[in-house]
Amino acid sequence: MQVYLVGGAVRDSLLGLPVKDKDFMVVGTDAATMLSHGFSQVGADFPVFLHPDTHAEYALARLERKAGTGHTAFDIHSSPDVSLADDLLRRDLTINALAIEVQGLFDDTPITGEVVDYYGGLADLHAKVLRHVSPAFSEDPLRVLRVARFYARFAQLGFVIHADTQTLMQHIADQGELSHLSRERIWQETSRAMGEPHGFYFIDCLHQLGILAHILPILAKQLTDDEVYQTMMTRLQNACRRDGSLATRFAMLFSILDDTNELNDCLTRLNAPKAISQFIHAFVNYHQVLLNLPNITAEQLFTVIEHTKAHKDDTLLMSLYDACEIYQNKSMAYPNAWLHDAITRYQSISMADIDPALTGKAIGDELARLRKQALYGLLGNFQMANALTVF
């Protein structure tokens, strides 16, 4: 039995980056032996095991053969006679097909520290190239998004995608293979990529290679206008550079879409979580109101407070305020404390201020009228102060 540290842990350590997770590959053994050592199998038909103490993943060396469409349709063969070279050949990029032999299952200290490199990964690391290992790359369409994600992670370090790999990615997309990916996996890869410190490179990669049209056709069509693309990219870059939330980053990505149906199509294709979808819709609906606050009406301010439920929890409204600064790449014309004052004004009107003779719908109407009146007074003070340049 031989045990190897493989993949990202080797790559990142060679790049001088923090190693977040360690994955291991075991050659020359079988599932029964792993189970006898106290490891637990991840899936009945998948030869990956969790370490009994560290819970790190230990996979048996395996071969995979395409057996259908999508990224899950593979016949997997795992046995003691599958070699290290065989296993590494099925990996996506050469820089991820590196291995270092360690002492054993319960001691991950490297034996010599020598990097096993069958497919030119070390040279590609040095040259800063993302290159597929073998033609088998095309058997898994998810790898198209994975390469774009790795590009988002490493482009800032000077990495580029090899021309042959770009061509292969485009071919996979043009063949319609991406349509076989589940929306869950598309979201998983896209959200991970967009969450990278320079996540905007993910969108840039897919756009430049013409692949975005196979994932988000409506957005891709809008981005064929170079001015629109540059506008969106500037906003997305601002969101990444200011460490904006994932929801804010997606709001900037879709900020060029005015049509609700088009936006919903994109969010559905991505399988975006409800909370992120709600934030994006709130931003699309109210960012212009917040940007133009010196000139809005009490009715508009009342609507924003009500629809964001800021009178109960101001988290969403304050996040929208922050997103607006990212959107316009400059500070708002007013401090967010002013919004707190508006919420306080809204909350200052309660049932105690309502004529007890009122009943039914009239109660709600009067509450709304009095709250708008209170907000009108605040707006008047704000606009007067703003005109006098005192605010």
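In this predicted model, C205 has a relative accessibility of 4% and is therefore counted as buried, since the cut-off for that class lies under 20%. The sulfur of C205 has its closest cysteine partner in C240, but the two sulfur atoms are 14 Å apart, which is too far for a bond. A disulfide would require a pair of cysteine sulfur atoms within 2.5 Å, and by this rule the count for the structure is zero. C266 likewise takes part in no disulfide, and the cysteine sulfur nearest to that of C266, again belonging to C240, is 18 Å away. With a relative accessibility of 0%, C266 is also assigned to the buried class.

Attention then turns to the empty space inside the model. Rolling a probe the size of a water molecule over the atoms shows where such space is left. One cavity of 30 Å³ or more was found in the structure, and the space within the largest cavity amounts to about 30 Å³. The lining of this largest cavity is made up of T190, F202, I203, L206, L212, I215, L216 and L270. Helix α8, which spans residues 200-208, makes the greatest contribution to that lining and supplies three residues.

Definitions and conventions. Residues numbered from 1 in each chain as written. Predicted model: local features only at pLDDT ≥ 70, side-chain atom pairs only at ≥ 80, totals over all residues. Heavy atoms only, no water. 1 Å grid on protein atoms, 1.4 Å probe; cavity = no way out; pocket = protein on both sides within 12 Å on 5 of 7 lines; lining within 4 Å. Points joined across faces, edges and corners; volume = space filled by probe spheres on them. Helix = DSSP H or I, 4+ residues; strand = E, 2+ residues; numbered from the N terminus. Buried < 20%, exposed > 50% of the residue type's maximum accessible area, 1.4 Å probe, protein only.
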